[in-house]
Amino acid sequence: MNTDFPFIRQALSVFLAAVAFGFSGCEEETKELVPTYEAGVLISSATTTPPANGNLSYYDRGTNTLEPDIFNKVNNQFLSGGVRSMTSAFDKMYLITDARQVEVLMANTLLLSGAIQEIEDPQRMVALNNQRGFISNWITTLPASGQVAAPDSGQVLEVNLRTLAVIDTIKTGKQPTAMALSGTRLFVANLAENSVNVINTTTKRVDTTLTVGPAPNSMVIDGAGFLWILCGGKSGADATRGQLVRVTPNNLRNRAVVFEFPNAATTPTSLTLSASRNRLYYLYNGVYQMDIAATGLPRNPLIPRALETVAQDPNDGFLYTSRTASTENWVIRYRSNGTVVDSFQVQGPPTGYHFR
């Protein structure tokens with residue numbers, strides 16, 4: 001009898017190990033894997049009616065397929081309001097919506113991480129580092145009285161990106177929108193006037209204000225360190241032409257270089273950089289391409305077609321543009337030489353692209 005005990009113990013050990021392995025296998029099989037979105041293009045869209053919500057789509061380069069409404073798919077809820085702008089910073093994505101809040105997502109999974117709330121009318125966002133960010137904000141009411149605020153009531157809000165709390169307020173000109181960072185200087189374009197505020201990010205004060213053309217609507221800083229400001233100009237009886245202005249951020253005493261557009265009836269918009277940061281793209285009843293060393297505006301468009309957005313994918317150099325016709329919203333891709341590649345439909349008019 002005693003000689004059987006080692007065999008029984010060995011058999012019992014094998015049985016228990018098999019049971020344990022079985023449970024482990026079940027756990028592995030039932031473990032839910034969170035999808036990641038790391039090798040494609042995120043496309044944000046404005047409000048669609050109905051429903052009155054924006055959209056976030058994912059275009060997979062490898063399969064050439066579009067996955068629509070991934071915000072709802074990942075978070076099991078609709079995105080409240082159309083997406084005005086989309087910012088990526090470190091491990092987070094920030095979506096500013098016309099529901100007047102900033103949705104904070106984990107960059108790779110797009111899972112909701114929180115929200116920056118109680119902002120009057122947020123427009124754009126930039127991150128100084130992984131702890132501090134700035135949001136341009138329009139003011140339409142005075143919080144204490146509820147009365148309509150003065151038309152020059154604009155501000156930039158400093159946000160703690162860890163707590164998602166607004167920690168400081170800096171007054172700006174009318175309707176601050178586009179922003180660009182260069183060292184300790186934050187440039188803020190005031191859409192409703194012809195000015196750009198220069199904010200010191202250390203002291204959080206406006207050091208100076210640059211006078212530019214009317215309605216500055218977009219800004220970029222190129223690979224050589226120059227700041228480019230695209231101004232839409234004025235319409236109406238006293239119409240003025242749009243301007244493209246080049247500024248030296250580290251020496252604001254240098255005289256700005258101004259390129260004036262030929263037609264006051266057309267508004268230039270959507271200034272963006274090439275992936276190599278040595279060329280500019282903008283919309284002006286067509287898509288134009290301009291070398292940063294050029295001494296004049298290009299005469300002919302790269303793409304002679306009225307489009308609504310433009311951005312370049314650094315992975316393959318393709319230009320992503322969009323066009324809305326009736327209820328159909330299209331993303332149209334072009335090669336860097338201006339020849340068309342393909343197109344696909346998305347839900348809602350596209351407002352921005354993030355390339356991964």
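1. Secondary structure. Helices (H or I, at least four residues) and strands (E, at least two) are DSSP runs, numbered from the N terminus. By that count, the chain holds 2 helices and 27 strands.

2. Basis of the model. This is a predicted model: local features need pLDDT of at least 70, and side-chain atom pairs count only at pLDDT 80 or more, whereas totals for chains, interfaces and linings use all residues. Residues are numbered from 1 along each chain as its sequence is written, and side-chain values use heavy atoms, with hydrogens and water left out.

3. The chain as a whole. Of the 356 residues in the chain, 45% are buried. Buried means under 20% relative accessible area, exposed means over 50%, and partly exposed lies in between (1.4 Å probe, protein chains only). Take the contacts in the chain with a separation of 6 or more: residues 24 or more positions apart account for 40% of them. Contact means heavy atoms within 4.5 Å.

4. Strand 27. This strand covers residues 350-355. It is largely enclosed by the rest of the structure, because 5 of its 6 residues are buried. Strand 1 (residues 40-48) pairs with strand 27 in the antiparallel sense, over 5 bridges. Two strands pair if DSSP finds at least two bridges between them. Within this pairing, H354 of strand 27 stands opposite L42.

5. R356. This residue is found in the segment after strand 27. R356 is buried yet has no salt bridge. A salt bridge is a side-chain nitrogen of Lys or Arg within 4 Å of a carboxyl oxygen of Asp or Glu. The nearest side chain of opposite charge is E38, 6.9 Å away. For charge, Lys and Arg count as positive and Asp and Glu as negative; His and the chain ends are not counted. What does the side chain of R356 reach at 2.6 Å? It reaches the backbone oxygen of A107. Leaving aside neighbours within four places in sequence, R356 is in contact with several residues, including Y37, E38, L42, R61, A107 and N315.

6. Strand 14 (residues 195-200) and strand 15 pair over 6 bridges. One of the residues to look at is V196, whose bridge partner in strand 15 is L210.

7. Salt bridges. How many does a search of the whole structure find? It finds 12 salt bridges. One joins the side chains of E120 and R100 (3.8 Å, N to O). That pair links distant parts of the chain, 20 residues apart. E120 sits in the loop between strand 7 (112-116) and strand 8 (122-127), and R100 in the loop between strand 5 (92-97) and strand 6 (101-106). E120 counts as partly exposed because its relative accessibility is 21%. R100 is partly exposed too, at 36%. R84, R100, E120 and D121 are linked in a network of salt bridges.

8. Two further pairs. D342 forms a salt bridge with R333, the closest N and O atoms being 2.8 Å apart. Is R333 buried or exposed? R333 has 4% relative accessibility, so it counts as buried. D342 is partly exposed, at 25%. K234 and D238 also form a salt bridge, with closest N and O atoms 2.8 Å apart. K234 is partly exposed at 36%, and D238 is partly exposed at 45%.

Terms used
Polar contact = N/O pair within 3.5 Å; in protein donor to acceptor, adjacent residues only side chain to side chain.
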